[in-house]
Amino acid sequence: MCPLCMRFSGSAIHALWECDAAKNVWAGSSKILQKGVSGMANMIQLMEYLLDRVESQEMEVVLVQAWLIWNQRNRFVHGGKFHDLGWLNNCAREFLEEYRTAQEQMRTKHVMQPNQDTWQPPPQSVFKLNFDAALFSGLNRSGFGAVIRNERGEVMAAMVAKGPEVFCSEEAELIAFIEGDNNFAMKAISALKDDQSMLGNVIWDIQHLLRNLQWLRVECTRRGGNRVAHVLAQFARNIIDDMYWMEDVPPI
Ligand SMILES: [Zn+2]
């Protein structure tokens, strides 16, 4: 039995469309939804019906509204109250607007970044890690350099390390692992899906470690923005032991 209207079953089509509580929410939205056709067998049939009649922008509002109704039902079941209907309808549009603005901002940031050819400081209270890898063909080894700086560009830590023999720069950069200048490596790390390539397990390890961070942005920068890390990686050609500096600038 439905906990809200005390009738019918608890199916999804009832909860989101047929239930009196849901109908009241839809009654306050666009005209086509106010009519509230009944007799839909399931959500798929309802979606097909709406997709034929509602424009895609309005369909987005419909989906957010459905999500809000679902949320309100849960709230009610757990002892809360169903929010005022006007609030629910406004809320759907506000959420959607907020989401679109955020998407727009993310797109702008992504487009602007690669044009910068100098190192850019991170936002306040955030540290930026730059890294680079170098292949020393003939020496059967690779080198890694990494530097962490704050928003004023002060060095918090730096590192130069020797690496094993590797066969391509992507492999070297992934082993080095947050801002690198290798586009392939950066895209692979920031992708949310599993990587099925030869280096998939290395990428998975990196993604797993990154989940522990509170805030993270992975970017690909141009060579000029990664100069310090590049020089550090090259320096690894001649070192005997790995080298670390804390709150100190490497004498390179
Ligand atoms: Zn109901």
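Trp67 is partly exposed because its relative accessible area is 46%, where buried means under 20%, exposed over 50% and partly exposed in between, with a 1.4 Å probe and protein chains only. This is a predicted model, in which local features need pLDDT of at least 70 and side-chain atom pairs count only at pLDDT 80 or more, while totals for chains, interfaces and linings use all residues. Residues are numbered from 1 along each chain as its sequence is written, and side-chain values use heavy atoms, with hydrogens and water left out.

**Aromatic rings**

- The structure holds two aromatic pairs, a pair being two rings of Phe, Tyr or Trp (its six-membered ring) whose centres lie within 6.5 Å, with planes under 30 degrees apart counted as stacked, over 60 as edge-to-face and the rest as tilted.
- Phe95, with a relative accessible area of 35%, is partly exposed.
- At Trp119, the charged end of Arg149 sits over the ring, 4.2 Å from its centre, the criterion being that NZ of Lys or CZ of Arg is within 6 Å of the ring centre and within 35 degrees of the ring normal.

**Helix packing around helix 5**

- The axes of helix 4 (residues 43-53) and helix 5 come within 9 Å and cross at roughly 150 degrees, where axes are lines fitted to C-alpha atoms, for helices over the stretch in contact, and angles run from 0 to 180 degrees between N-to-C directions.
- That angle makes helix 4 roughly antiparallel to helix 5, given that angles under 35 degrees count as roughly parallel, over 145 as roughly antiparallel, 65 to 115 as roughly perpendicular and the rest as oblique.
- The crossing of helix 4 and helix 5 is right-handed; a crossing is left-handed if the near helix is turned anticlockwise from the far one by less than a right angle, and right-handed if clockwise.
- Met47, Leu50 and Leu51 of helix 4 meet Met59, Val62 and Leu63 of helix 5, contact meaning heavy atoms within 4.5 Å.
- Helix 2 (residues 20-27) and helix 5 have axes that come within 11 Å and cross at roughly 145 degrees, and this crossing, too, is right-handed.
- Ala22, Val25 and Trp26 of helix 2 make this contact with Val62, Gln65, Ala66 and Ile69 of helix 5.

**Individual residues**

- Glu151, in the loop between strand 2 (141-149) and strand 3 (155-163), is partly exposed, with a relative accessible area of 26%.
- The C-alpha atom of Glu151 is separated by 5.9 Å from that of Pro123, 28 residues apart along the chain, and, leaving aside neighbours within four places in sequence, Glu151 is in contact with Pro121, Pro122, Pro123, Gln124, Ser125 and Val126.
- Ala233 lies in helix 10 (residues 227-235) and counts as buried at 0% relative accessibility.
- Leaving aside neighbours within four places in sequence, Ala233 has contacts that include Asp132, Phe136 and Gly143.
- Ala41 is found in the loop between helix 3 (31-34) and helix 4, counts as exposed at 56% relative accessibility, and has its C-alpha atom 7.5 Å from that of Ile13, 28 residues apart in sequence.
- Met6, in the segment before helix 1 (12-18), counts as exposed at 51% relative accessibility, and its phi is near 60 degrees, a positive value in a residue other than glycine.

How values were computed. Helices (H or I, at least four residues) and strands (E, at least two) are DSSP runs, numbered from the N terminus.
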